[in-house]
Every structure is written in C-alpha cells, then in structure tokens.
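Have a look at the model first, then read on.

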Amino acid sequence: MTTKVLITDYVWPSTDPEREVLEAAGIELVIAPDTSEATLADLAKDVDAIMFCFAQVTGKVLEAATNCKIAARYGIGVDNVDIAKATELGIVVTNVPDYCMDEVTDHALGMILALNRRLVPHTSTVVKGGWNDVALDQPMHRTRGATLGIVGYGRIGRSLAAKAVGFGMDILAYDPMIEVGADVDGAKAVSLDDVLANSDFVSLHVPLIPATQNMISAPELAKMKPGSIIVNCARGGLIDEDALAASLASGHTAGAGLDVVEPTPPSPDSALLQQENVIITPHTAFFSQASTLELEQRTAGEVVRVLKGETPENLINPDVLGKARSGI
C-alpha cells in the first residue's frame, strides 16, 4: 500500500523541496485543492500524515484520518490543529519552532524603526509634493536609551532582544514562565503592567491561547506610555483591534506594526487601514527564501521520522507517547 501525506495548504511557490524529502522515503504527496473542512476530511481518509500551514485541522478532519500517524505544522504556532483530539487518536503533532527567528525579529525591529522614524507617512507626504509640509511635531524616540518591552521571552523574543541591544535599547521582558525580577539574556523580567507602563516600544511574541486572546485591549493600551509603539508579529487575536484603532486615533499610541490581524484578510472598512501611523503586512514576517526552504525540508523530515517509528525533533503533544499510532 502506498504511503501518503496530505498537504492542506502552502504559501510558497512550489512543494518541490518537501517532495524531494518525502519521495526519497517512498511517500506520495496529495495536495488539497482547497482548505474547507469537508475537502480535507475527505482527502484525509487514506493518508498516513498531514502537513498543514494555515488551514484548520479540526477534530472532524483528524477523525476522518483513520490511518494518520502525524500532523506536522509548517510553522511555529499550533492553534489551528485540535491537539487534544490528535492526542486522543494517537496522532503525533509537530512544529518547527525556530526556523524563522531572524526573519521575524528583523521584521519586528524593522517595523519599530520605520514607525518611530515615521518613514511611511513622511515618504507619502513627499510623493504628494509636500516636501516642506512635514510637521516635526510627532513622537520620535532616540533608539539609544529607549526601552523595548518584549511580551513572550522565548526563542524569538530573546533573538529580538539581542538585536535591539545593538541599537542601544534597554530590554524589559514579560513571560509567565520567568520569575519577575530575574535578569535573563540581557533583559529584566517584569510584570506585564510594568512592560506596558515603562516601554517606548512593545513587541508581542506569545502564542494565541485562551489566556492571551485580546491580552492587549483598551485597559492595557491606556497603561502604555503616551507616544509609544506596539508591534505584533505573532497572532492577530492577541490585540483588540477596535481598541487599538481608537488609541491610535487619539494619539495615545503613536504607531502600530501588524503582521497579523483578525480576521484575515482585514475588512476594507477596518479603521486600522485608514491611519497613517500603522504598518500592516500580510503575515509575511516568517519569509525569506532560506527560511521557507528550511521550513519545507524540516516539516517533511518530521513526517519521515515519525512514519519510521522515530521520535520527532519537536513534539507538541508528549502525552501521545506510548499510544501513538506510529509506535513511538
């Protein structure tokens, strides 16, 4: 019987890199024509593995995949797969948690610098013929000596801190896994309130879980320093976007850099799209040719490992061990 893997979706030019890895192991690719639950559930019926990017791998899809041994995420976050159901069914869930640290941190830092220096509105003014119309009455911080607050101090948060220190920034970090008061990798660990109240720039790097849904809303934005900037290259649901739009319109928040919004794509009527002190990119912080190649190859590699009965490099649901369909 042919071993098959279902690729639910991808956003890069081709699946050639993962195809090379998988076909070398005798695994056939099945690429979904769309990401509807019905389509994925139908295609999952006779596959041994699922590789998914942004598609929702629901409990219904997993239940239909009666031969499936692994659901491998092309990426870091795993909020789009039913982990509890996968574990119940004996399906291993994996991700690639560190493939794009440089790209994401470059993106976040680039947004901070561009917003602070007001590159987009100043360019727009000049293009419209207003060279002499730029008013230098907006907040603009000197980066040396400014404070960057990082919410979520894992791999990406620490990588961002290392780069920001090169610009002379001081680092505050909030992470529920780190004791307040500790000095960790160049940052002082403080409470979330202290990060918000004392940072000139705030960058979010946490997963989207019930505890972090809208963790930055009107009360949190009000606690931020007047004239501060917030950046989100993690998940759209972390910020109450209506509250953010209101804070930006009032001038309390000087700028926002968003690589993720909720929902996607944003409504054309979104207030965030109408404001010049916002930079929005279409969830591309992860991207470079190098990072995408690494992602494709490593995700495929996890599938090969698990189908061989080996433990994956990055196991999301360790409770599956001992009862996994793959035998690990």
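## The second largest pocket

The second largest pocket comes in at about 540 Å³ by volume. Keep in mind that this is a predicted model. Lining this pocket are 23 residues, and those nearest its centre are Phe54, Val261, Glu262, Thr264 and His283. Sort the lining by class and you get 11 nonpolar, seven polar and five charged residues.

## The largest pocket

The largest pocket holds about 1,000 Å³ of space. Its lining runs to 42 residues, with Ile76, Gly77, His205, Val206 and Pro207 closest to the centre. Helix 7 (residues 155–165) gives the largest share of that lining, which is three residues.

## Aromatic rings

On to the rings. A pair of aromatic rings is described by two things, the distance of the centres and the angle of the planes. Searching the whole structure turns up three aromatic pairs. One of them joins tyrosine 10 to tryptophan 12: the centres are 6.2 Å apart and the planes sit at 35 degrees, a tilted pair. Tyrosine 10 is partly exposed, because its relative accessibility is 30%, while tryptophan 12 is buried, because its relative accessible area is 6%.

Tryptophan 12 also pairs with tyrosine 74, and here the centres are 4.8 Å apart with the planes at 70 degrees, so this pair is edge-to-face. The two partners come from distant parts of the chain, 62 residues apart: tryptophan 12 sits in the loop between strand 1 and helix 1, and tyrosine 74 in the loop between strand 4 (70–73) and helix 4 (83–89). Is tyrosine 74 buried or exposed? With a relative accessible area of 1%, tyrosine 74 is buried. Put together, Tyr10, Trp12 and Tyr74 make up one aromatic cluster.

## Threonine 8

Where do you find threonine 8? Look in the loop between strand 1 (3–7) and helix 1 (16–24). Threonine 8 has a relative accessible area of 3%, so it counts as buried. Its side chain makes a polar contact with the side chain of aspartate 9, at 2.5 Å.

Which residues does threonine 8 touch, leaving aside its neighbours within four places in sequence? The contacts of threonine 8 are Ala32, Asp34, Thr35, Leu40, Ile50, Met51, Phe52, Cys53 and Ala55.

Conventions
Residues numbered from 1 in each chain as written. Predicted model: local features only at pLDDT ≥ 70, side-chain atom pairs only at ≥ 80, totals over all residues. Heavy atoms only, no water. Helix = DSSP H or I, 4+ residues; strand = E, 2+ residues; numbered from the N terminus. Buried < 20%, exposed > 50% of the residue type's maximum accessible area, 1.4 Å probe, protein only. Polar contact = N/O pair within 3.5 Å; in protein donor to acceptor, adjacent residues only side chain to side chain. Contact = heavy atoms within 4.5 Å. Phe/Tyr/Trp six-rings, centres within 6.5 Å; stacked < 30°, edge-to-face > 60°. 1 Å grid on protein atoms, 1.4 Å probe; cavity = no way out; pocket = protein on both sides within 12 Å on 5 of 7 lines; lining within 4 Å. Points joined across faces, edges and corners; volume = space filled by probe spheres on them. Nonpolar A, V, L, I, M, F, W, Y, C, P; charged D, E, K, R; others polar.
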